[in-house]
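Trainee: I am new to this structure. Could you walk me through how to read it?
Mentor: Gladly, let us take a look together.

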Amino acid sequence: MNILDIRNLTIEIDGDNGPIRLVDKLSLQIAEGEIHTLVGESGSGKSLLAKAILGFINPRWRVTADRLWWRHYDLLALNPEQRRVVTGRDMAMIFQNPGSYLDPNASIGAQLQECIPSGDLKGLYLRRRADRKTRAERLLHRVGIKDHDAVMQAYPFELSDGVAQKVSIAMAIAHNPKLLIADEPTTAMEPQTRSQIYRLLSKLNASQGMSVLMITQDLTAIMPETKRISMVYCGQLMEVGTPQQLLEQPLHPYTEAMLSMSLANHNTPVKTRLPTLGGSIPTMANLPIGCRLGPRCQHARRACIDTPRLRKLKQHQFACHYPLIEVKNYD
Amino acid sequence: MIRYSIRRLLLLLITLWLLTVLMFVLHHLFPGDTLTNMSGIRQSDGVAYQQAQQHYAMPQSWLSQYWQFFLHLLHGDWGQSLVTQRGVFADIMPQLGATLELTIMAMTLSLVIGVPMGMYAAVQQRGPLDRVIMGVSLSAYSIPAFWLAQLALLLFAVKLGWAPISGQLNPLFNITPVTGSVIIDILLSDSPYRGAALKDALQHLWLPVLVLSSIPLTMLIRITRNATLDVLQQNYLRAARSRGLSESRIMVKHVMPNAMQVIVRQLGLQFSLLMSNIIIIETIFNWPGIGSSLIKSIYERDYPVMLGGLFTLAALILLVNVAVELYHAWRYPQVRKELYAER
């Protein structure tokens with residue numbers, strides 16, 4: 001069962017020469033308890049997608065979609081206040097630089113306790129306060145922070161990035177969200193912290209059935225528990241599939257290029273050029289028509305000036321006129 | 001924090017000491033007899049003058065002269081007025097009370113009105129009320145205080161008769177000034193007409209307080225608006241919104257404390273501005289504070305009173321600035337981190 005169902009989500013802003021499509025007809029489905037990874041370079045619109053799901057919408061953006069459903073709520077039909085209630089209750093988000101998402105003038109303890117929903121607490125005033133505190137401590141233990149007293153008393157600037165990220169995860173899971181959106185949560189961190197955080201997220205996923213939408217730049221550094229990967233380029237969806245499908249037999253030239261670029265796959269001889277995708281990411285004002293990978297794609301032909309439809313081969317979806325292997329029985 | 005406090009307090013002491021040096025030099029540079037400038041005793045006073053010469057070590061070196069002057073200053077012996085022959089220190093203390101009464105009320109008023117208005121304007125950014133608030137505050141800020149005071153007097157005191165034209169209290173009430181602050185004095189006195197006196201005092205008070213607060217009030221509105229706009233764009237605020245916290249809770253718990261950090265830092269500066277305005281306002285409203293006595297002493301070339309008033313005002317400004325800085329560092333922990341880390 002898909003808990004999040006997005007069909008053809010489009011985000012436009014006004015440019016000098018008409019509207020600019022930052023996100024072009026992107027579709028995304030997340031099943032209950034699934035870890036879904038969204039891979040794309042910076043500027044590909046993956047963070048915009050996350051913000052559109054949560055409803056952090058800048059008034060200048062025009063967000064349209066054929067379908068933007070969260071469980072049985074049509075998010076586009078709700079007014080902002082109702083939407084905030086739904087997303088605030090069911091979703092949570094963690095970010096790349098966690099320090100800047102914590103209030104610099106409030107102690108961690110105060111901010112953490114604020115996140116605990118009052119409905120969960122029992123008893124009268126004093127008991128509720130004590131209950132709130134013990135719950136906050138338990139949250140810190142769950143994200144792997146042992147000396148809760150020191151962290152609760154600290155201010156955000158006193159924490160390292162890894163601890164701050166753990167704290168923001170603790171704040172995110174305080175109300176048991178159904179979906180956690182993690183926007184490049186480990187990009188600025190050392191590998192050790194990264195694997196700690198990945199382990200933490202997969203544990204939460206396994207123990208509470210919390211779905212995770214992980215947003216990352218690196219196709220080879222995804223969480224091992226990832227069920228499906230979506231490749232995004234310039235706001236267009238390129239390919240969707242299981243990690244096995246994408247890593248072993250990609251169908252889209254972009255996925256293949258990303259794989260060959262990553263250093264983990266290298267056994268090239270010394271002093272050879274590292275493979276890169278030619279050209280650069282187009283600027284917002286000069287987006288190519290049709291398949292936006294077109295100008296950089298080695299397989300591009302005339303047909304690529306029409307945007308390819310998302311085609312399906314079993315659970316493997318791709319948007320390309322000329323997939324890398326001969327595909328016959330798709331629909 | 002302790003090291004920082006000690007550093008600030010030492011700086012305060014050194015600045016105050018430099019002020020005394022400046023005063024000493026000024027006594028020498030002012031026209032007339034140095035000893036007369038310092039003590040207010042004229043040569044024609046005969047024996048008293050000769051005694052003062054001994055007390056202030058006049059025949060000796062400048063260094064011992066300064067030392068005697070400094071000791072007198074510390075003991076609260078600031079000489080006597082050339083005009084009234086009364087002790088300067090004893091006169092200044094009630095004046096300080098009167099000035100502080102005006103200052104504290106004006107500052108409180110501008111904080112209580114300015115901060116919420118600035119925050120409101122920021123939340124309604126570019127809305128009609130934001131434009132009205134910003135327009136009015138900019139025009140009020142550009143009106144010079146002396147002109148505004150006279151306009152207000154003309155309108156409220158002369159035309160409408162809502163307030164008396166000048167002074168602190170109707171002299172009929174016969175309240176003896178103790179602290180100089182008229183409200184405290186009335187409460188301290190055992191006059192049978194305390195209630196009526198209090199009402200009269202408040203009638204005298206509201207107009208100068210209103211005029212005096214116009215500058216810090218308009219500045220505070222603008223500072224608060226900018227600070228709030230800045231905070232509203234911060235990531236932690238978006239994160240707080242995404243957690244489904246109510247708008248009022250976000251404003252009170254996250255926006256206000258962070259905006260206050262910027263505002264508190266500005267308060268010391270606003271206080272200095274207020275002090276320069278209060279001199280004019282007190283003169284216009286004939287308020288018996290340090291400001292009006294300073295202007296009067298300048299007209300009368302009453303050097304002991306002039307320098308005493310200057311020293312008190314300067315010390316007050318310094319004290320408030322240091323207090324604001326200490327509070328700022330104590331209340332906002334990341335300021336301390338900057339203090340120790342960015343050196």
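Trainee: Which residues of the largest nonpolar core touch the most other members?
Mentor: Some ground rules come before the answer. This is a predicted model, where local features need pLDDT of at least 70, side-chain atom pairs count only at pLDDT 80 or more, and totals for chains, interfaces and linings use all residues. Residues are numbered from 1 along each chain as its sequence is written, while chains are lettered from A and ligands numbered from 1 in the order in which they are written.
Mentor: In soluble globular proteins, nonpolar side chains tend to be buried together. A nonpolar core is a set of buried Ala, Val, Leu, Ile, Met, Phe, Trp, Tyr and Cys residues joined through C-beta atoms within 7 Å. Buried means 20 or more other C-beta atoms within 10 Å of a residue's own, with C-beta atoms placed from the backbone. Here the largest core has 85 residues, and Met93(A), Ala170(A), Leu180(A), Ile181(A), Ala182(A) and Leu213(A) touch the most other members. Helix α6 (residues 161-172) of chain A gives the largest share of this core, seven residues; helices (H or I, at least four residues) and strands (E, at least two) are DSSP runs, numbered from the N terminus.

Trainee: What does Leu180(A) touch, not counting residues up to four places away in sequence?
Mentor: Two residues are in contact if their C-beta atoms, placed from the backbone, lie within 7 Å. Leu180(A) touches Ala92(A), Ile94(A), Ala172(A), Met210(A) and Val212(A), with residues up to four places away in sequence left out.

Trainee: How many helices and strands does chain A have?
Mentor: Chain A has nine helices and 13 strands. Of its 331 residues, 39% are buried. Along its principal axes, the C-alpha trace of chain A spans about 70 × 50 × 40 Å.

Trainee: At what angle do α12 and α13 of chain B pack?
Mentor: Axes are lines fitted to C-alpha atoms, for helices over the stretch in contact, and angles run from 0 to 180 degrees between N-to-C directions. Helix α12 (residues 290-299) and helix α13 (residues 303-331) of chain B pack at about 145 degrees, their axes 8 Å apart. Among the residues that meet are Ile290(B) and Leu294(B) in α12(B) and Val305(B) and Leu313(B) in α13(B).

Terms used: A residue is buried if 20 or more other C-beta atoms lie within 10 Å of its own, exposed if 12 or fewer, and partly exposed in between; C-beta atoms are placed from the backbone.
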